[in-house]
Amino acid sequence: MTRFNSTRFEFIFTSLVKNSPRLFTTVQAVFKSYETTKLYRELKLRGAIIRDKELVMLPHEQVYEKIGGIWNLSSDQGNLGTFIITNVRTVWFAVLAENFNVSIPYLQMKSINVRNSKFGQALVIETTVSSGGYILGFRADPVDHLEEVYTQILNLWKIFSSTPIFGVEYMVDEKQGDTKDTFVPRTEDDVEIVEGDDIEPCLLYQPDGEKEIDREPVFSPELGVAVERLKEGTTLQSLWSVV
């Protein structure tokens, strides 16, 4: 089941491999991996991304810079906070309320530049339409740090654009070789069949040859069952060794 804008779509797939859940388990694993890595790809407002003034790190995420004295210009007065710049995203959170924050993945950045505003020089980050088309303004205190912050974010954005990190880990199976290379030719066994006199197999186990009546049954300790009493001088071992 999928949804695009206000339209829902339902797709049904059938595996041609009977009694194999591989298709279902593979799709479930990929979907779970995608759902748990949204912070790599989606802009997040007021999320649980800060704990005790520290960023909750994502796998393979590295912090390059933590800069204080950054004002968020979303309100008329502005809110003082901290920038955390990583290899995946740029995060800002307020000093007085860490749940007032924003996580901006480089994947959702449309442009970044320095502009004049009513607060003076400001760093402006514009996000893509798919992430809401936000225009976020920040001011550095002191203002000399603004150019440094701009250069740092711009360089990491360029690096991410060339080698993106989506958070989904996978392994590519090695391609199976051509069956012609692994074909083993069939060989015939070198067996010589020796012809002999036809003998009834059951006669090999009859030590008396021709006999008219059966003997009385007796208990055999070796077999644990009752058997016909053997001819004098004959043992069970000798019967199994006649061949």
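The model is a predicted one, so local features need pLDDT of at least 70 and side-chain atom pairs count only at pLDDT 80 or more, while totals for chains, interfaces and linings use all residues. Residues are numbered from 1 along each chain as its sequence is written, and side-chain values use heavy atoms, with hydrogens and water left out.

Let us begin with the strands. Strands here are DSSP runs of E with at least two residues, numbered from the N terminus, and two strands pair if DSSP finds at least two bridges between them. An open sheet is built from eight strands in the order 3-9-8-7-6-12-11-10, with antiparallel pairing. Its edge strands are strand 3 (44-45) and strand 10 (109-117), each pairing on one side only.

Now look at the rings. A pair of aromatic rings is described by the distance of the centres and the angle of the planes. Rings of Phe, Tyr and Trp (its six-membered ring) pair if their centres lie within 6.5 Å; planes under 30 degrees apart count as stacked, over 60 as edge-to-face and the rest as tilted. The structure holds five aromatic pairs. Tryptophan 92 and phenylalanine 100 have ring centres 5.6 Å apart and planes at 90°, so this pair is edge-to-face. Tryptophan 92 also pairs with phenylalanine 138, and because the planes are at 45°, with centres 6.4 Å apart, that pair is tilted. This second pair links distant parts of the chain, since tryptophan 92 is in strand 8 (residues 89-94) and phenylalanine 138 is in strand 12 (residues 135-140), 46 residues apart. Phe83, Trp92, Phe100 and Phe138 form one aromatic cluster.

Finally, turn to the charged side chains. A salt bridge is a side-chain nitrogen of Lys or Arg within 4 Å of a carboxyl oxygen of Asp or Glu, and the count comes to four. In one of them, glutamate 54 meets lysine 66, with the closest N and O atoms 3.1 Å apart. Glutamate 54 is in strand 5 (residues 54-55) and lysine 66 in strand 6, 12 residues apart. Glutamate 54 is partly exposed at 45% relative accessibility, and lysine 66 is partly exposed at 41%.

Another salt bridge joins glutamate 61 to arginine 89, with the closest N and O atoms 2.8 Å apart. Glutamate 61 lies in the loop between strand 5 and strand 6 and arginine 89 in strand 8, so the pair ties together parts that are 28 residues apart in sequence. Here glutamate 61 is buried, with a relative accessible area of 7%, and arginine 89 is buried at 0%.

Technical notes. Helix = DSSP H or I, 4+ residues; strand = E, 2+ residues; numbered from the N terminus. Buried < 20%, exposed > 50% of the residue type's maximum accessible area, 1.4 Å probe, protein only.
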